[in-house]
Amino acid sequence: MRTWFPYPLLSVGLLLVWLLLNQSVAPGTIIMGTLLAIGLGWVTLKLGLVHSHPRRILLIVRFGFTVALDVIRSNIAVIAVILRGQRRPPNPGFLTIDLDLDDENALALLACVMTATPGTAWLEYDRHRKSLLFHVLDMENEDVWLDTVKRYETALKEIFG
Amino acid sequence: MSHLTDLPVWAAVIVCGLTVLGAAVALIGSVGLIRFTSFYERLHAPTLATSGGVLMICTASIICFAVLQSRWVFHEILIIVFVVVTTPVTLMLLGQAALYRDRVEEQRGVPLKQRPPREEQAE
């Protein structure tokens, strides 16, 4: 299995993308997609990516939902900040937090989630100290932001654990 | 665009609402780019368009074409995925570049680079 699919999840993802792009589940498309998925899987093997094994689909789905909710909430919060304008300017600031994630893919996912969420921006991760520097738009309550990141961290640890 | 008139009213209302809302969110994000004063604050504004805006406009597109062609249309999901996955990379690079510049210019209010643990022990 490993020789054919060095990155099974990636191959499945590529096949899904191919089917979505073609918008069909005809046998021809599936065969072509499978060939592409296998071929590109081998190509990525050359990149020497780090293997990680996300477990527990249910947890992943739950994590997705929490992130979606947070994105909606922070969208509204940031819209409020922008529309308030100069009447009540935001109170931006930098925050540092110590992370305990070893898996590189988990870190990448955390970075994507935090940057995609308006209101938090990932700035710098220190590998030696395992501490993350990030910027928040509205520092009204620091602890809430730190709690949010900690929450993500625990979820990711469970998923990639 | 005459075939859009085939859209039933309930779908038209949802599609219009989502499109207008998504466009409004993107517009507010752009206004934020002007209104915010520092570079780091400006990092937050475009993510409005790439999260809320893209999500709503793509959902509108999915509903619109799914109803028009009376079949499931899903490939807009790819747009959402690619936008959500790629914009953070750009924003992180921009953020790091800004941080580096501010540290070199010794701007105040920017957190200093943390020293690696080895140097600390040497002191």
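## A:Thr29 and its contacts

A:Thr29 touches A:Trp18, A:Leu19, A:Asn22 and A:Ser24, leaving aside residues up to four places away in sequence. Contact means heavy atoms within 4.5 Å. A:Thr29 sits in helix H2 (residues 27-47) of chain A. Helices (H or I, at least four residues) and strands (E, at least two) are DSSP runs, numbered from the N terminus. The relative accessible area of A:Thr29 is 13%, so the residue is buried. Buried means under 20% relative accessible area, exposed over 50%, and partly exposed in between (1.4 Å probe, protein chains only).

## Model and conventions

This is a predicted model: local features need pLDDT of at least 70, side-chain atom pairs count only at pLDDT 80 or more, and totals for chains, interfaces and linings use all residues. Residues are numbered from 1 along each chain as its sequence is written, chains are lettered from A and ligands numbered from 1 in the order in which they are written, and side-chain values use heavy atoms, with hydrogens and water left out.

The predictor gives the complex an ipTM of 0.75 and a pTM of 0.78. Chain B has an average pLDDT of 82, and 88% of its residues score at least 70. pLDDT is the predictor's confidence in each residue, from 0 to 100. Within chain B, confidence is highest in helix H1 (residues 9-35), at a mean of 89, and lowest in helix H5 (residues 117-122), at 48. Over residues 119-123 of chain B the pLDDT is below 50, and this stretch has two contacts in the model beyond near neighbours in sequence.

## Two further sites in chain A

A:Lys130 has a positive phi of about 55°, although it is not a glycine. Most residues other than glycine have a negative phi. A:Lys130 lies in the loop between strand S2 (120-126) and strand S3 (131-136) of chain A. Its relative accessibility is 26%, so A:Lys130 counts as partly exposed.

A:Phe160 belongs to helix H5 (residues 142-160) of chain A. It is buried, at a relative accessible area of 14%. The C-alpha atoms of A:Phe160 and A:Ala77 are separated by 30 Å, and the two residues are 83 apart along the chain.

## Chain B overall

Chain B has five helices and zero strands. Of its 123 residues, 34% are buried. Residues 24 or more positions apart account for 61% of the contacts with a separation of 6 or more. The chain exposes about 7,700 Å², and carbon and sulfur atoms supply 69% of that area. Accessible areas come from the Shrake-Rupley method with a 1.4 Å probe; for residues, only the protein chains shown count as cover.

## Helices H3 and H4 of chain B

The axes of helix H3 (residues 45-68) and helix H4 (residues 76-104) of chain B come within 9 Å and cross at roughly 170°. Axes are lines fitted to C-alpha atoms, for helices over the stretch in contact, and angles run from 0 to 180 degrees between N-to-C directions. H3(B) and H4(B) are therefore roughly antiparallel to each other (angles over 145 degrees; under 35 is roughly parallel, 65 to 115 roughly perpendicular, the rest oblique).

H3(B) residues including B:Val54, B:Leu55 and B:Phe65 meet H4(B) residues including B:Ile80, B:Val83 and B:Leu91. The residues of this contact divide into twelve nonpolar, four polar and one charged. Ala, Val, Leu, Ile, Met, Phe, Trp, Tyr, Cys and Pro count as nonpolar, Asp, Glu, Lys and Arg as charged, and the others, Gly among them, as polar.

B:Leu94 also lies in helix H4 of chain B. It is partly exposed, at 40% relative accessible area. B:Leu94 touches B:Phe39 and B:Leu43, not counting residues up to four places away in sequence.
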